[in-house]
Amino acid sequence: MMGYVAIVALAIFAAAEGNAQPGEASLTLRVLTFNIKHGATMRGDFDLDRIAGVIRGADPDLVALQEVDVRTRRARDKDIAAELAGRTGLYMAFGKAMPYDGGDYGVAILSRFAFESTRRAPLPNVGSHEPRVALAGEVMLPGDIPLLFISTHLEFSSPGARVAQADHLNALFGGANSLAILAGDLNATPESETLARLKTQWTLACGDNPAPTFPAQEPRIKIDYILYRPADGWTVRETRVIQEDIASDHCAYLAVLERVAR
């Protein structure tokens, strides 16, 4: 499923540093995940400029967004994905999870790189829970390096549904040796079975330091994640919880990943 696109100049930091050897190039990606609460702030108003400010402040190359409204009444008939793309100067793709309130609701990706392709993948719905999807966008990094970036939002109320969705994500996007990053609101804590299933094929950017991401005003639990594969394909240079307690009920979560191309 192709998304709307905001045309911008491409930019990425690429330099020889760290563990790079002669003849190799170091490639650094800034990856952000952010559940934006359908554009409603914790003050009860609707302030896309504030949400966009959080994103711009992280200076990301790739952004996974969850709880994204497109032309719903509660979002004042705005296409939030396109609005945030315009405010941040990034390309955009939207993945519909379900029709809602006169429009659509789902997840989105913002990217500094043009999309080679996008794919919307429904996730298993165990019982009568809200439909969930993953949105995968393939981008080409400098040096003609393909990367698959996936944004998702797992079920809130059912651990069994989350496990089934994690297994499906592994079946769809895990297993290969190609570069991939999975990011989103997984509604699961680090010790959960959901994360145990995902860690069979993905590596957590937070490692053994899962700083809490929810709720935004006083974060107590870790439910927002960035994962990558292959495990030896990336070095984590930084992770950071961005605690802005008005823009959303979740903190944005940033990981800076470095890959050395050989």
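The following paragraphs treat a helix and its surroundings, then aromatic rings and cysteines.

The model is predicted, so local features require pLDDT of at least 70 and side-chain atom pairs pLDDT 80 or more, while totals for chains, interfaces and linings use all residues. Residues are numbered from 1 along each chain as its sequence is written, and side-chain values use heavy atoms, without hydrogens or water.

Helix 3 comprises the 15 residues 159-173; helices (H or I, at least four residues) and strands (E, at least two) are DSSP runs numbered from the N terminus. Just after helix 3, Gly-175 adopts a positive phi of about 90°.

Two rings carry a charge over them, a term that requires NZ of Lys or CZ of Arg within 6 Å of the ring centre and within 35 degrees of the ring normal. The charged end of Lys-222 is 3.3 Å from the ring centre of Tyr-253, and Arg-229 lies over the face of Trp-202 at 5.3 Å.

Zero disulfides are found in the whole structure, the criterion being a pair of cysteine sulfur atoms within 2.5 Å. Cys-206 is buried at 9% relative accessible area, and Cys-251 is buried at 0%.

Conventions. Buried means under 20% relative accessible area, exposed over 50%, partly exposed in between (1.4 Å probe, protein chains only). The expected span of a helix is 1.5 Å times one less than its number of residues.
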